[in-house]
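Good morning, and thank you for making time for this presentation. I would ask you to keep the structure on screen while I go through the helices, the side-chain pairs and the pockets.

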Amino acid sequence: MVMPLSTMHTTESDDAARSAPRKRFRTKFTAEQKARMLGFAEEVGWRLQKLEDTVVQRFCQEVGVKRRVLKVWMHNNKHTLASRHQPPPQPEPGGPIPSSPQLRLE
């Protein structure tokens with residue numbers, strides 16, 4: 001039986017097509033999980049490194065997420081959610097009162 005040369009040799013594109021990477025799984029959180037992770041993140045100052053591992057593991061088990069997933073969520077949401085939920089700075093008692101710019105009409 002005679003076969004064309006193109007069917008006898010595979011190319012890199014053929015190999016790549018067969019071993020195409022699977023689509024990355026995207027974690028979906030419930031509203032309760034998001035709220036609890038936000039509260040935890042604010043409580044710990046948006047940092048996991050300085051916490052005891054048992055505290056983080058316990059929280060992750062309660063919420064139902066893995067530590068790595070929590071870490072990625074905190075990294076992805078730190079700037080968006082941290083700035084939204086921080087109260088405006090309060091003047092210190094006895095300190096100077098911050099003045100707002102005033103318009104002058106002349």
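**From one lysine to the whole chain**

Let me begin with Lys-34, which has its place in helix 3. Please bear in mind throughout that we are looking at a predicted model. Is Lys-34 buried or exposed, or does it fall in between? With a relative accessible area of 43%, Lys-34 is partly exposed, because the range between 20% and 50% carries that label. Leaving aside residues up to four places away in sequence, Lys-34 touches Phe-29 and Trp-73. I would also point to Val-63, 29 residues from Lys-34 along the chain, where the two C-alpha atoms are separated by 9.3 Å.

Let me now step back to the overall architecture. The protein chain contains five helices and zero strands, so that reading from the N terminus gives α-α-α-α-α. The chain has 106 residues, of which 18% count as buried. If we take the contacts between residues at least 6 apart in sequence, 56% of them join residues at least 24 apart.

I turn next to the aromatic side chains. How many aromatic pairs does a search of the whole structure find? There are two. In one of them, Phe-40 and Phe-59 have ring centres 4.1 Å apart and planes at 10 degrees, and the pair is therefore stacked. This pair links distant parts of the chain, with Phe-40 in helix 3 (residues 31-43) and Phe-59 in helix 4 (residues 53-63), 19 residues apart. Phe-40 is buried at a relative accessible area of 6%, and Phe-59 counts as buried at 8%.

The other pair is formed by Trp-46 and Trp-73. Why does this pair count as stacked? The ring centres of Trp-46 and Trp-73 lie 6.1 Å apart and the planes meet at 15 degrees, and planes under 30 degrees apart count as stacked. Here too distant parts of the chain are linked: Trp-46 belongs to the loop between helix 3 and helix 4, Trp-73 belongs to helix 5, and 27 residues separate them. Both Trp-46 and Trp-73 are buried.

Trp-46 is not a glycine, yet its phi is positive, at about 60 degrees.

Now to the charged side chains. A search of the whole structure finds two salt bridges. One joins the side chains of Arg-36 and Glu-62, with an N to O distance of 3.0 Å. Arg-36 sits in helix 3 and Glu-62 in helix 4, 26 residues apart, and the pair thus links distant parts of the chain. Arg-36 counts as partly exposed at 32% relative accessibility, and Glu-62 likewise at 48%.

In the other salt bridge, Asp-53 is paired with Arg-67, and the closest N and O atoms are 3.2 Å apart. This bridge links Asp-53 in helix 4 to Arg-67 in helix 5, 14 residues apart. Asp-53 is partly exposed, at a relative accessible area of 43%, and Arg-67 counts as partly exposed at 30%.

Several of these residues return when we look at the pockets. Which element gives the largest share of the lining of the largest pocket? It is helix 5 (residues 67-85), which contributes six residues. The largest pocket holds about 350 Å³ of space, and its lining includes Lys-34 and Trp-73, together with Phe-29, Arg-68, Val-69 and Asn-76. By class, this lining divides into five nonpolar, three polar and four charged residues.

The second largest pocket has a volume of about 300 Å³. Among its lining residues are Trp-46 and Arg-67, along with Leu-48, Met-74, His-75 and His-79. Its lining has three nonpolar, three polar and four charged residues.

Thank you for your attention.

Key. Residues numbered from 1 in each chain as written. Predicted model: local features only at pLDDT ≥ 70, side-chain atom pairs only at ≥ 80, totals over all residues. Heavy atoms only, no water. 1 Å grid on protein atoms, 1.4 Å probe; cavity = no way out; pocket = protein on both sides within 12 Å on 5 of 7 lines; lining within 4 Å. Points joined across faces, edges and corners; volume = space filled by probe spheres on them. Helix = DSSP H or I, 4+ residues; strand = E, 2+ residues; numbered from the N terminus. Nonpolar A, V, L, I, M, F, W, Y, C, P; charged D, E, K, R; others polar. Phe/Tyr/Trp six-rings, centres within 6.5 Å; stacked < 30°, edge-to-face > 60°. Buried < 20%, exposed > 50% of the residue type's maximum accessible area, 1.4 Å probe, protein only. Salt bridge = Lys/Arg side-chain N within 4 Å of Asp/Glu carboxyl O. Contact = heavy atoms within 4.5 Å.
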